[in-house]
Amino acid sequence: MEKMNSFLDRTLVPMATKLNNQRHVAAVRDAFMLVFPLTIASSIVILVNNLFFSHDSFIVQLFHLSNVFPNLEAAQKFLAPVANGTINIMSIFITFLVAQLLGKHFKADATLVGLTSIAVFMILYPVPFNANDLSVITTQYLGAQGLFVAIIVGCLVGEFLPKLFTYKKLQIKMPDMVPPAVARSFSGMFPIVIVVALAAIFSYFISLLAPNGINELIYTSLQAPLRDLGGNIFGVLILAFLQTLLFSVGIHGPNTLNAVRSAIFTEQDLANLEFINNGGSLWDVPYKETWGVLNDMFANMGGTGMTLGLIFAIFIASKRADQREVAKMSLIPGIFQINEPMIFGLPIVLNPIMIIPFILTPMVNILVGYVATVVLKIMPTPAIGVPWTTPGVINLFLGTGGNIMGAVVGIVCLAISILIYLPFVIASNRAQKIDL
């Protein structure tokens with residue numbers, strides 16, 4: 001095991017650290033983190049609609065609300081428009097934030113960089129068409145399906161516009177009495193004109209090759225294949241393995257892989273939310289094998305590695321005072337999915353005994369979730385996003401819109417995690433020569 005740790009230190013750790021610090025990867029990662037509250041806001045609205053205004057909800061059935069309010073589901077229309085201001089325009093948020101974050105990296109005017117990125121994104125957007133004597137644009141690529149183009153535009157504008165800002169010959173100097181906001185606008189005018197003009201020229205030549213524009217070209221040739229390649233049970237399992245492997249050698253796996261996960265699974269998760277928001281059933285969501293469904297709902301209790309099971313396993317079987325103290329301090333944070341005290345305090349990092357269950361446990365529970373929702377179909381897909389700090393089991397109950405089987409399967413997953421960790425806790429005691 002020491003040879004394996006040494007090998008990982010020499011190979012995987014430097015590579016992962018470099019990837020984590022790469023400016024474009026960091027910008028994409030942080031951009032998705034910044035829009036996360038908006039995604040959750042939309043998810044909470046959808047949750048409320050499904051928990052209190054759906055005939056299939058456990059709460060509605062328990063209190064017979066359908067008998068009291070026959071038109072209960074009609075109330076969903078009051079909250080449904082929230083999606084139009086959140087998940088349905090996600091690409092606009094992402095293209096702005098990626099470019100803005102790169103602008104901050106180069107110490108440029110980040111706001112102008114972000115706004116120019118939106119301008120370029122819309123220049124490349126499918127052209128308007130006539131419908132019933134109106135000129136309209138499709139909203140298809142403002143949401144999840146436009147994310148790849150949004151990321152590419154944000155990276156390119158965020159990379160090159162700040163460099164154009166530094167050329168003094170392109171700057172317009174205004175007198176000192178001119179307000180700062182006006183001076184900033186004039187200073188960056190020529191670089192912005194160059195960027196948007198190049199975008200328009202590029203859009204024209206792209207239209208000669210792909211009449212429906214770069215969005216459809218990128219979506220059909222890159223985004224959809226990547227979604228289909230990684231957006232399945234095998235992709236989820238591979239990412240779960242890599243995430244826990246990185247954490248086990250001291251690298252924050254979730255943060256490092258966030259950009260990759262977002263590129264593969266965000267479209268699927270948002271499509272599920274849109275489907276539910278439009279009245280679709282959780283049993284019939286289009287994407288059942290996403291990271292947000294299989295890992296975050298079934299295999300993240302206590303945080304990465306499902307370490308809430310480890311905490312309970314220590315309480316059950318460990319006689320080591322140091323383990324029990326760490327477990328006591330980690331219990332409350334662990335209930336709310338925060339497990340750094342366990343990872344670095346127990347520790348799990350570079351711990352040859354604990355690394356094995358740390359990697360194995362979430363993968364087993366991902367398979368449990370897959371069997372429960374896709375194979376046996378004993379519960380609806382928990383596709384309603386909930387805040388990541390929602391305690392395990394509760395998140396499955398809420399994520400399924402109040403289905404009791406979600407909570408039952410969650411309890412099963414927690415029990416499985418305890419059983420997997422138990423023999424390794426006992427082994428760690430024996431390694432310290434403690435008489436069990």
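Student: What makes Ile 194, Leu 198, Ile 201, Tyr 204, Phe 205, Leu 208 and Leu 209 a nonpolar patch on the surface?

Tutor: In this predicted model, these residues together have about 770 Å² of accessible area. Patches are made of residues with over 30% relative accessible area and no salt bridge, and nonpolar side chains are joined within 5 Å, so the seven named residues are grouped as one nonpolar patch.

Student: Why is Leu 208 called exposed?

Tutor: The relative accessible area of Leu 208, which has its place in helix 10 (residues 189-209), is 53%. Exposed means over 50%, and therefore Leu 208 counts as exposed.

Student: How do you know that Glu 159 and Arg 23 meet in a salt bridge?

Tutor: The N to O distance between their side chains is 2.7 Å, and the definition asks for a side-chain nitrogen of Lys or Arg within 4 Å of a carboxyl oxygen of Asp or Glu, so the pair qualifies. Because Glu 159 lies in helix 8 (residues 147-165) and Arg 23 in helix 3 (residues 23-52), the pair ties together parts that are 136 residues apart in sequence.

Student: Why is Glu 159 described as buried, and why is Arg 23 described as partly exposed?

Tutor: Glu 159 has 7% relative accessibility, and since buried means under 20%, Glu 159 falls in that class. For Arg 23 the value is 29%, which lies between the limits of 20% and 50%, so Arg 23 is partly exposed.

Student: What makes Lys 163 and Glu 159 a salt bridge, and what separates them along helix 8?

Tutor: Their closest N and O atoms are 3.0 Å apart, and the cut-off is 4 Å, so this pair is a salt bridge too. Lys 163 and Glu 159 are separated by about one helical turn, because they are four residues apart in helix 8.

Key. Residues numbered from 1 in each chain as written. Predicted model: local features only at pLDDT ≥ 70, side-chain atom pairs only at ≥ 80, totals over all residues. Heavy atoms only, no water. Patch = residues over 30% accessible without salt bridge, like charges linked within 9 Å, V, L, I, M, F, W, Y side chains within 5 Å. Areas by Shrake-Rupley, 256 points an atom, 1.4 Å probe, with all protein chains shown as cover. Helix = DSSP H or I, 4+ residues; strand = E, 2+ residues; numbered from the N terminus. Buried < 20%, exposed > 50% of the residue type's maximum accessible area, 1.4 Å probe, protein only.
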